[in-house]
Amino acid sequence: QVRVVESGGGLVQAGGSLRLSCAASGLIFRIYAMGWYRQAPGKQRELVATSTSGGSIKYADSVKGRFTISRDNAKNTVYLQMNSLKPEDTAVYYCYVALTTITWGQGTQVTVSS
């Protein structure tokens, strides 16, 4: 069984920065991809950034140039560095890990005040 735990959310003023972390543990043979989605109140969950084991990285257009995804494969951990945060970035951020199935974390709240 795989466990995924996020950390690093919080309250920040517009223009500020936060760094999210997500660690996967348990029975892990191979991770195909790790990444982040977010869900704002009243909206659908949307992709923020994803990183595949082949080195491919994809960002949502809304975060390009402001967010950076990175991985520490030895620790089965993925990070999301978020800079120049905007109020519209406010959401619950969910980490996912793609093994033979996809496992989600519990989510971490990010609130950006104007």
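**Ground rules.** I am working with a predicted model, in which local features need pLDDT of at least 70 and side-chain atom pairs count only at pLDDT 80 or more, while totals for chains, interfaces and linings use all residues. I number residues from 1 along each chain as its sequence is written, and side-chain values use heavy atoms, with hydrogens and water left out.

**Disulfide.** I noted that a disulfide is a covalent bond between the sulfur atoms of two cysteines; here it is counted when a pair of cysteine sulfur atoms lies within 2.5 Å. Searching the whole structure, I found one disulfide, formed by Cys 22 and Cys 95 with their sulfur atoms 1.9 Å apart. The angle about the S-S bond is -75°, and the link of Cys 22 and Cys 95 is left-handed. Cys 22 sits in strand E3 (residues 18–26) and Cys 95 in strand E9 (residues 91–98), so the pair ties together parts that are 73 residues apart in sequence. Strands (E, at least two residues) are DSSP runs numbered from the N terminus. Are Cys 22 and Cys 95 buried or exposed? Both are buried, where buried means under 20% relative accessible area, exposed over 50%, and partly exposed in between (1.4 Å probe, protein chains only).

**Sheet.** I traced an open sheet of four strands in the order E1-E3-E8-E7, with antiparallel pairing; two strands pair if DSSP finds at least two bridges between them. Its edge strands are E1 (2–7) and E7 (67–72), each pairing on one side only. Strand E7 and strand E8 (residues 77–82) pair in the antiparallel sense over six bridges, and Arg 71 stands opposite Val 78 in E8.

**Leu 11.** I found Leu 11 in strand E2 (residues 10–13), and Leu 11 is exposed, with a relative accessible area of 66%. The C-alpha atoms of Leu 11 and Ala 33 are separated by 28 Å, with the two residues 22 apart along the chain.

**Pocket.** On a 1 Å grid over the protein atoms alone, where a 1.4 Å probe is used, a pocket is an open set of points with protein on both sides within 12 Å along at least five of seven lines, and lining residues have an atom within 4 Å of a point. The largest pocket holds about 190 Å³ of space. Its lining residues include Arg 38, Lys 43, Glu 46, Ser 62 and Asp 89.

Key: Grid points are joined across faces, edges and corners, and a volume is the space filled by probe spheres set on the points.
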